[in-house]
There are 2 protein chains.
Amino acid sequence: MMKGNLLISSMIERAERFYPKKEVVSRTSAGVQRFTYKEIGKRTRKLASKLKEFGIERGDRVGTLAWNHHRHLELYFAIPSIGSVLHTINIRLSPEHIIYIINHAEDELIFVDEDVFPLIEAVHDKLKTVKAYIVMTDNELPDTSVDNVYSYEEWISAGDENFEYPKDIEETEPAGMCFTSATTGNPKGVVYTHRSTVLHSMSLAFADSLGTTESDSIMPVVPMFHVNAWGMPYVATWLGSTQVMPGPRFTPKVLAELIQDEKVTVTAGVPTIWLVLLKELEENEYNTESLRAVVCGGSAAPLGMIKTFEKKYNVPFLHAYGMTETSPLATVSRLKSYQEDLPEEERFEIRAKQGLLVPGLEMKVVGSQGEVAWDGQDMGELLLRGPWIADDYFKDDRGEETFVEGWLHTGDVCTVDEEGVIKIVDRTKDLIKSGGEWISSVDLENALMAHEGVFEASVVAIPDPEWQERPVACVVLKEGHETVSKDDILDYLRPQFAKWWLPDDVIFMEEIPKTSVGKFLKRALRDKVKEHYETV
Amino acid sequence: MMKGNLLISSMIERAERFYPKKEVVSRTSAGVQRFTYKEIGKRTRKLASKLKEFGIERGDRVGTLAWNHHRHLELYFAIPSIGSVLHTINIRLSPEHIIYIINHAEDELIFVDEDVFPLIEAVHDKLKTVKAYIVMTDNELPDTSVDNVYSYEEWISAGDENFEYPKDIEETEPAGMCFTSATTGNPKGVVYTHRSTVLHSMSLAFADSLGTTESDSIMPVVPMFHVNAWGMPYVATWLGSTQVMPGPRFTPKVLAELIQDEKVTVTAGVPTIWLVLLKELEENEYNTESLRAVVCGGSAAPLGMIKTFEKKYNVPFLHAYGMTETSPLATVSRLKSYQEDLPEEERFEIRAKQGLLVPGLEMKVVGSQGEVAWDGQDMGELLLRGPWIADDYFKDDRGEETFVEGWLHTGDVCTVDEEGVIKIVDRTKDLIKSGGEWISSVDLENALMAHEGVFEASVVAIPDPEWQERPVACVVLKEGHETVSKDDILDYLRPQFAKWWLPDDVIFMEEIPKTSVGKFLKRALRDKVKEHYETV
């Protein structure tokens, strides 16, 4: 058999050749623009030729600080297609972390959105390796004292639209890079290869997984600086799907309108996005009947949210699980065929779990006594292995605890039911250890968020002299439900949990602190709780 | 990223772990039997342990002469999973070719169905490397003078159901082998690897391709000795689909009953199978509403057949193309989303073509003037490249003409339309070269087979002093249509083709000679036509 190197360039070439008329719909600050794959293909070749001309070599890192739009898509293909490495940088990180990341990755060139450029102005004198900044804008270049700043459109206009991508790249060469935040210290870099990216894209195209097709209109709401927007731009381009890029600083209204106007069939994002989208759907009328999958990952979707999408709006919800180190797709929550006949409530409960391992990966769930029983009760850490799972962090010693004997230790604690479906119950570090037993903060949070008066909730441990740790619930109430009391909350939880699982206290807050990607930031929340008790 | 070797053993392990309750339905001479993947998994491990015990080493070839049933499925996994090579032998070949194939492959062991065993008795004294024969039967062993004959069930009963598959196999190691008939001389061997098999399986699971899922009930009618039953047993096991194996010497009635009783959703085979199935559906009543795809490949499906399935029986038809050297999936004929609005007749015409290249492969269509125009007219040879395309024949010099500069030269002549959809118009060697122009025998055949009185038809060239070659049609009439004349046929063709395309003659026959896999055997047909003119 031929080797047939799995290369990212073959994906965009397929779109150019077989789907030249299909479109990328891109919302920028200048409004909604449309590009065919024929146009995107030419612009990407121009960009690639300019990167080569600039002196970007095989393996060199090129950074992006950008929202989801067509130019970012072009970078997704041009950079790896010449053998260099697409380094997507999270624009929501602190300036300190951004400086660290760019210097650590040794980015040669930075592509930056016009509205993110002030960040570059603030940090550029600390960046040691960057030779130029290319500003992505439909307008004039910003007035700046930073040297070597170019306009993307002007820069690529002199490029070669017939540039040929090199085909002597090995599939195991680096293609992309993304940093993941660490509990303490600097973010850690994960490097993707051509092989991992293509195989991961295949896993998204499986009919049993997301089943993306040419006929889909795919809108990644998850940022393109967050684990390659979960690989959506790659698979969508490869299959010639329509892509809808929501652009900078979108609102729930923008998302709802794009879904309606562009007949979006698949969209993907974190639960907090869907929470605010639901609010928008409740307040205003939209046609969402084109949607065949609202893909949700990043953190667990509350059961109530899934039900609201499906029962109230008739929008199919698809729960998935993964992380930066897993490219990210690891599990998808779909019913097995013989589970379709279960009572509705049971079906919802299964689908609210993280789901079944995607074909191509291997898993192990290891508790204190070795591999756990598949009984839906026994808890253990999820270990993963396979061709789109990281095996190290980029130039970082901290990989030693995470990558052990060929397995990724996810740091996520889960149960596995009789059918092999995993349910994440906590992060190893967020588990509440009470009297020698484990309490899942996530289980309590999901129950809390199903309360009609609760907007969001998070549970953390407080130190306890007798039990070692005890749970405390932090709750944000919905507007109009301000009269809900601590006792209401505890009475609501009581029938659902063992007595010793019930939180010792309920603290009402204005907001739960979140990470830059919308996950609950437990570290900050613990500080807030500590402060609360110190000031009470 | 981890390497994550793509290994066949991981596919059966996934079925055992996540789909232990799902079933393989196997029709043997003893009747229809049912096995769960849990049982198949244990039996496969037992088999693998026995192979190791027998002394089968990494890279050794193990032959099978068998129909589609659960034991053959076990061999599909056990043999490659220990690092040896599954060599499926076409039971319909001549004894001379079978002797050649087994000796050329140096098979160490042969697994043979009880009803095929007489073939072994006839040839065993010519087989140089085979150390034993394992007969697959539910009955007593046949009475035989052949040495070293064992019963499959007895043989595996002493195996180890907890045998662990080795994981130090490289994905590029050989896993399977299948011989393809040559125009002249002995069959040529194609060797599949773990990598090619797994990637090919992924291509089958793409929603835009066959889109096989766990919820499917998959019946490969295409024999397991023919290009791995088009890869169906691998992907079906991997995804935990129900599998329906039609077993030995099935009739159209058997197939129709299995479709009805086992609620088959996807079935796959060559056009001749679907022709006789249609006849059965016309004569007797069956419920076929479970079918979501009748996959057809091997040779072109006539447009009339596609229409009958879809319009008369409401059964979706899926035309695909490939060959032994391509694992086999290369193209699938699905409409692009924006073609769905075309008039019905145009949609059928597109879908009767061979279709669009599957993601993961590359193609080139080369005529006498280089790459052909994508205009649906220009003809050229189809060249293919990619990770599940062969790059050589097994220990054979004849690969030199077929594998040139990194491309497989398929020997198939096709056109490409504006959308990139290919239509096979002929084999390079079957094209009729008339007066310096090319006439497609396949186009004429498809038109002939759409005639209501024609059961099957084939067109070959006869030498012509003036025009070099001229077409002659060979036609088998349907029962009750014996009065159809040569002029009726020519009058029917006249409005559809240029005058110089019309056959010079129409010869009525009882039967068109076919290959062992049901394709028209043009070589034999040319001899028959020659004979016809010599005796007239």
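## A first look at chain A, with a stop in chain B

Let's begin with the surface: chain A exposes about 20500 Å², and carbon and sulfur atoms supply 47% of that area. Keep in mind that what you are looking at is a predicted model.

Now for the overall build. Chain A holds 17 helices and 27 strands. Along the principal axes, its C-alpha trace spans about 70 × 50 × 50 Å. A compact globule of 536 residues would have a radius of gyration near 24 Å, and chain A comes in at 23 Å, so the two agree. As for the inside, 62% of the 536 residues of chain A count as buried. Take the contacts in chain A between residues at least 6 apart in sequence: 68% of them join residues at least 24 apart.

What about charge? Chain A carries 57 positive and 87 negative side chains. The centres of these two sets lie 3 Å apart.

On to the cysteines. A disulfide is a covalent bond between the sulfur atoms of two cysteines. How many disulfides does the structure hold over all chains? The count is zero. A:Cys296, for one, is in no disulfide, and the nearest cysteine sulfur, that of A:Cys414, is 18 Å away. Is A:Cys296 buried or exposed? Its relative accessibility is 0%, so A:Cys296 counts as buried. A:Cys474 also has 0% relative accessibility, and therefore counts as buried.

A:Thr308 sits in helix α12 of chain A, which covers residues 303–312. Setting aside neighbours within four places in sequence, A:Thr308 touches A:Leu278, A:Glu282 and A:Tyr313. If you pair A:Thr308 with A:Asn162, you find them 146 residues apart in sequence and 49 Å apart in space, C-alpha to C-alpha.

Over in chain B, B:Phe455 belongs to strand β25, residues 454–464. Again leaving out neighbours within four places in sequence, its contacts are B:Leu275, B:Met449, B:Val476, B:Leu477 and B:Lys478. B:Phe455 and B:Arg27 are 428 residues apart along the sequence, and their C-alpha atoms are 30 Å apart in space.

Here is how accessible four of these residues are:

| Residue | Relative accessibility and class |
|---|---|
| A:Cys296 | A:Cys296: 0%, buried |
| A:Cys474 | A:Cys474: 0%, buried |
| A:Thr308 | A:Thr308: 22%, partly exposed |
| B:Phe455 | B:Phe455: 26%, partly exposed |

Why is A:Thr308 partly exposed? Buried means under 20% and exposed means over 50%, so A:Thr308, with a relative accessible area of 22%, counts as partly exposed.

Key
Residues numbered from 1 in each chain as written. Chains lettered and ligands numbered in written order. Predicted model: local features only at pLDDT ≥ 70, side-chain atom pairs only at ≥ 80, totals over all residues. Heavy atoms only, no water. Helix = DSSP H or I, 4+ residues; strand = E, 2+ residues; numbered from the N terminus. Rg over C-alpha atoms; globule rule 2.2 N^0.38 Å. Buried < 20%, exposed > 50% of the residue type's maximum accessible area, 1.4 Å probe, protein only. Contact = heavy atoms within 4.5 Å. Areas by Shrake-Rupley, 256 points an atom, 1.4 Å probe, with all protein chains shown as cover. Lys, Arg positive; Asp, Glu negative; His and termini not counted. Charge placed at Lys NZ, Arg CZ, Asp CG, Glu CD. Disulfide = S-S within 2.5 Å.
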